[in-house]
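The sequence and the structure come first.

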Amino acid sequence: MTVNQAPQTPSDSSADPERMTLRDLIVWAGIPLVIVLFLRLFIIGVYEIPSASMATTLQVGDRVVASKLTPRFFEIKRGDIVIFKDPNNWLGETTKSNLLIKRVIGLPGDTVACAGAGQPVTVNGHAIDDSAFIRDGVNPSDYAFSVTVTADHLFVMGDNRSNSADSRVHQGDGDHGLVPVNDVQGVAFAIYWPISHWSTLNRPDDAFANVGGVEGAK
């Protein structure tokens, strides 16, 4: 007696637990991409330093990472390094970017002043100790000024005071050299490139410990 062999059925590839389907690939590749896009759009920004106005804290070509949560959810503090949109054509036609980076010296209500070359910068009449961050060998300011910061604005200066077209220089513009808080894109908190420059950008709170006035701006 003969027995007919049952025909073999093709194996069900979908039952192979180790086989990655197109849907699996999209999920595993897509989720990290969505997370990165979310972080870049709403949480962090990355920026390249184009000039020496913040030397020696930041060098030309340094790349920094900034938190976009400030000022959206957290207050800007004196000493923060902020990235902001060009408020009144500070950059002119010299660059394709419309972003600048400077350090916050005055908050709304503060009076920021200097009596002239060789004299300290004062905030609300109190001299600040900016030796921890301004470039070695430069004056706190090469010339005298006195500015009272209006509501919803910031007074900013570069750490390389002798080579920084900052709030001191633009007092004749529409915002009197001040930066609208709404123009701030974020607060830089670390240098990530080049590797040899890796460092955090800590806020020098001690420099402003005795100035009084408001503590932050949103």
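A surface patch, as the word is used here, is made of residues with over 30% relative accessible area and no salt bridge, and nonpolar side chains are joined into one patch within 5 Å. The model in view is a predicted one.

**Nonpolar patch**

Val46, Tyr192, Trp193, Ile195 and Trp198 make a nonpolar surface patch of about 520 Å². One of these residues, Tyr192, belongs to strand β11.

**Overall layout**

The chain holds 2 helices and 12 strands. Read from the N terminus, the order of elements is α-β-β-α-β-β-β-β-β-β-β-β-β-β. Of its 218 residues, 40% count as buried.

Two or more lining residues come from each of the elements β1 (44-48) and β4 (99-106). Strand β4 makes the biggest contribution to this lining, with 4 residues. Sorted by class, the lining of the largest pocket comprises 11 nonpolar, 8 polar and 2 charged residues.

The second largest pocket has about 190 Å³ of space. Its lining counts 15 residues, with Arg103, Leu201, Asn202, Arg203 and Pro204 closest to the centre. Here strand β11 (residues 184-193) gives the most, namely 3 residues. The classes in the lining of the second largest pocket are 8 nonpolar, 4 polar and 3 charged residues.

His197 sits in the loop between β11 and β12 (199-200). With a relative accessibility of 31%, His197 is counted as partly exposed. How far apart are the C-alpha atoms of His197 and Leu58? The separation is 9.0 Å, while along the chain His197 and Leu58 are 139 residues apart.

| Cis peptide bond | Omega |
|---|---|
| Ala55 to Thr56 | about 5° |
| Thr70 to Pro71 | near 10° |

Thr56 lies in the loop between β1 and β2 (63-67). Pro71, by contrast, is part of helix α2 (residues 69-72).

**Positive phi angles**

Asn124 is not a glycine, yet its phi is positive, near 55°. Asn124 is in the loop between β6 (121-123) and β7 (126-127). A relative accessible area of 28% makes Asn124 partly exposed.

Asp152 is likewise a residue other than glycine with a positive phi, about 65°. Its place is the loop between β8 (145-148) and β9 (153-157). Is Asp152 buried or exposed? Asp152 counts as exposed because its relative accessibility is 53%, and the exposed class begins over 50%.

Terms used. Residues are numbered from 1 along each chain as its sequence is written. This is a predicted model: local features need pLDDT of at least 70, side-chain atom pairs count only at pLDDT 80 or more; totals for chains, interfaces and linings use all residues. Side-chain values use heavy atoms; hydrogens and water are left out. Ala, Val, Leu, Ile, Met, Phe, Trp, Tyr, Cys and Pro count as nonpolar, Asp, Glu, Lys and Arg as charged, and the others, Gly among them, as polar. On a 1 Å grid over the protein atoms alone, a cavity is a set of points where a 1.4 Å probe fits but cannot get out, and a pocket is an open set with protein on both sides within 12 Å along at least five of seven lines; lining residues have an atom within 4 Å of a point. Grid points are joined across faces, edges and corners, and a volume is the space filled by probe spheres set on the points. Patches are made of residues with over 30% relative accessible area and no salt bridge: like charges are joined within 9 Å, nonpolar side chains (Val, Leu, Ile, Met, Phe, Trp, Tyr) within 5 Å. Accessible areas come from the Shrake-Rupley method with a 1.4 Å probe; for residues, only the protein chains shown count as cover. A salt bridge is a side-chain nitrogen of Lys or Arg within 4 Å of a carboxyl oxygen of Asp or Glu. Buried means under 20% relative accessible area, exposed over 50%, partly exposed in between (1.4 Å probe, protein chains only).
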